[in-house]
Amino acid sequence: MREYLLVLFVAMATTFLLTGVARKIALKYGAVAKVRARDVHKVPIPYFGGVSILGGLIAGFAVASSLPFLGNSLQVAHDARAILIGGVVICAVGVVDDLYELDPITKLAGMVLAVGVMVVQGIQLYWLPLPGGILSPPPAQLAVVTAGILLVSCNAVNFVDGLDGLAAGVTAIGAAAFFTYSYLLNVEQNLDRATTSTLITVALAGACLGFLPHNFFPARVFMGDSGSLLIGLMLAASTISLTGQMDPNAVPYEVGGSSLLPALLPLILPIAVLAIPALDLSMAYIRRTKAGRSPFAADKLHLHHRLMQRGHSHRRAVLLMYLWTALIAFGVVVLGLLLSWWTVLLVVAVAVTAILLTTGIPRRESPPLAKV
């Protein structure tokens, strides 16, 4: 655990220090978020926060490779290198988009390239947990499923990146939840605690936390597509890499037994971690296609926009999204690994609190029209 904490703090500190440099570079080259009708910021904000996040991830991985515990695993070293290469590719695509605003097809092609780089190097699903056993389709089919999951994750985080600090905070919470699950599972089942999944999630959480002081409202820098696509890819890759290193028979599969939920957690938790971004993505797709518009046509009807329309302030809307993400992600982990009456009561209490905080503020009244 000490080595993981060191990776966390190295990634956090590196990202924090690099963000100021990235901000100056963005201003120099004109990579700024202009004020648009669908945005909530009132002045242009520089991009390139994703470059500093990538720097934090690289630093975290570099430190891990020299540590006596994490550095001795050839599997972790191979997977981390493959995932990092894919991260560099997708961050580069995001940088170009932040500078020149690529059309959706070109940006999608760049994302497919990054995903393909990872899949070709062996970062893919190898089995799927199901009640009563595991499912092992042909590798080619699993590669397609893997690519789909990675692309959805990238776009889901990109869609939710609409308020200061939102995407970084949600991703940090999701990464922390998956780190908790994978580490505790390895401890409980006496498995190797040096895994790609735990390394990526702890480094990703650290990088996002290091970026938040610059990005929380009022933001001085945005992560841009170079950051949102990167952290979405890293989050999904961490969950996918788990099946490449964990023995599917390590967790018993008893239908109707108390061990069924822990057995299904590798399938459920990635969905839980990305629940809020995925819900926002799905609603946006349905809303736009139903209206006869392109799914990529931006609007101001995302979940965070709706929270602000209900009367929540910018910061409160972001904190509520944090709360819901933590409730879903950590709730699944707690109920899966520590199922008891008091954990159920705790999750229910947090859920009720989240509902009351979300719905408890009345909609702001429109100011009366001035008399002529």
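Is Asn 158 buried or exposed in this structure? Asn 158 is buried, with a relative accessible area of 16%. Here buried means under 20% relative accessible area, exposed over 50%, and partly exposed in between, with a 1.4 Å probe and protein chains only.

A word on the model first. It is a predicted model, in which local features need pLDDT of at least 70 and side-chain atom pairs count only at pLDDT 80 or more, while totals for chains, interfaces and linings use all residues. Residues are numbered from 1 along each chain as its sequence is written, and side-chain values use heavy atoms, leaving out hydrogens and water.

**The annotated site**

The unreviewed UniProt entry carries a "binding site" annotation on Asn 158 and Asp 225; such annotations may be inferred rather than shown by experiment, feature names are shortened, and positions follow the numbering used here. These residues are spread over 68 residues of sequence, yet they cluster in space, with a largest C-alpha distance of 6.8 Å. Asn 158 sits in helix 5 (residues 139-160), and Asp 225 in helix 8 (residues 224-245). Helices are DSSP runs of H or I with at least four residues, numbered from the N terminus. Asp 225 also counts as buried, at 12% relative accessibility.

What does each one touch? Contact means heavy atoms within 4.5 Å. Leaving aside neighbours within four places in sequence, Asn 158 is in contact with Lys 107, Asp 225, Ser 228 and Leu 229. On that basis, the contacts of Asp 225 include Asp 97, Asp 98, Lys 107 and Asn 158.

**Aromatic rings**

A pair of aromatic rings is described by the distance of the centres and the angle of the planes. Rings of Phe, Tyr and Trp (its six-membered ring) pair if their centres lie within 6.5 Å; planes under 30 degrees apart count as stacked, over 60 as edge-to-face and the rest as tilted. The count comes to four aromatic pairs, among them these:

| Pair | Centre distance | Plane angle | Type |
|---|---|---|---|
| Tyr 4 and Tyr 183 | 6.0 Å | 90° | edge-to-face |
| Phe 179 and Tyr 183 | 5.7 Å | 20° | stacked |

The pair of Tyr 4 in helix 1 and Tyr 183 in helix 6 (residues 166-188) links distant parts of the chain, 179 residues apart. Phe 179 and Tyr 183 both lie in helix 6, four residues apart, about one turn of the helix. Ring pairs link Tyr 4, Phe 179 and Tyr 183 into a cluster. Tyr 4 and Tyr 183 are buried, and Phe 179 counts as buried at 12% relative accessibility.

Conventions
Helix = DSSP H or I, 4+ residues; strand = E, 2+ residues; numbered from the N terminus.
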